[in-house]
Amino acid sequence: VTHSIPACISSMTINSKQLDNESPVSIFAVNKCYVTVQDGTFFDGSGFAALVREGYKVRSDVNITLEFRTTAVHGVLLGVSSAKVDAIGLEIVNGKVLFHVNNGAGRITATYEPRGTNSLCDGKWHKLQANKSKHSISLVIDGNLVQTDNPYIQSTSADTNNPIYVGGYPADVKQNCLTSKSSFRGCLRNLVLTKGQQAELFDFSRAFDLRGIFPHSCPGAEH
């Protein structure tokens, strides 16, 4: 087993002696347990999760679904890029959700603008679906569909080969389809990327790089 246990542990004793959890000699990626907890992964606004070390290939089609909960009006949700311009990106900017795609010919963006400025950043769960099918892109937030025209109809494949970054990305990593550098603060759950009939649910506890993120544990309310 090479990954940590996604759980809370308390009252551990060794040889009848209780261990002092409050003052450990060293600590890494361990948080306090929340009194009320929800399913999901908590992002503290300082880091990111890096998935698929060998690189994720978006190519012509991908469907991304996830649920998010935040009180912040800015934050990176997801980015997959390449060394060239090809990339996709999902982000919250000024309380709007933006889905960017560049198939090599230029960036196009589908923007979901809620009626109220903070209505997506109200600390409640919201469902997101972002779909790229060749040159077409669409975004569905809580059942509301946004589509956008793409003038570059000949260009259909985003030839990405970099990891999937969720909730942010390292300072030395280029993301061609993200405008924000703000790490996401809040909770994410049920991240699924689907290509054709192949759906993949991503488990954050198995990320190859995880900073400022606590898998499988979401505080019941903003703390």
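Rings of Phe, Tyr and Trp (its six-membered ring) pair if their centres lie within 6.5 Å; planes under 30 degrees apart count as stacked, over 60 as edge-to-face and the rest as tilted. Keep that in mind for what follows.

First, the ground rules. This is a predicted model: local features need pLDDT of at least 70, side-chain atom pairs count only at pLDDT 80 or more, and totals for chains, interfaces and linings use all residues. Residues are numbered from 1 along each chain as its sequence is written, and side-chain values use heavy atoms, with hydrogens and water left out.

Now the rings. The whole structure holds 4 aromatic pairs. One of them is Phe43 with Phe184, edge-to-face, 5.8 Å centre to centre, 75° between the planes. Phe43 sits in strand β4 (residues 41–51) and Phe184 in the loop between β13 (164–166) and β14 (185–195), so this pair ties together parts 141 residues apart in sequence. Strands here are DSSP runs of E, at least two residues, numbered from the N terminus. Both Phe43 and Phe184 are buried, meaning under 20% relative accessible area with a 1.4 Å probe, protein chains only. Next, Phe48 and Tyr165. They too pair edge-to-face, at 5.8 Å and 75°. Phe48 is in strand β4, Tyr165 in strand β13, 117 residues apart. Both are buried. And the cluster: Phe43, Phe184 and Phe204 form one.

Last stop, Ser82. It lies in the loop between β6 (75–80) and β7 (87–93). At 2% relative accessibility, Ser82 counts as buried.

Technical notes: Helices (H or I, at least four residues) and strands (E, at least two) are DSSP runs, numbered from the N terminus. Buried means under 20% relative accessible area, exposed over 50%, partly exposed in between (1.4 Å probe, protein chains only).
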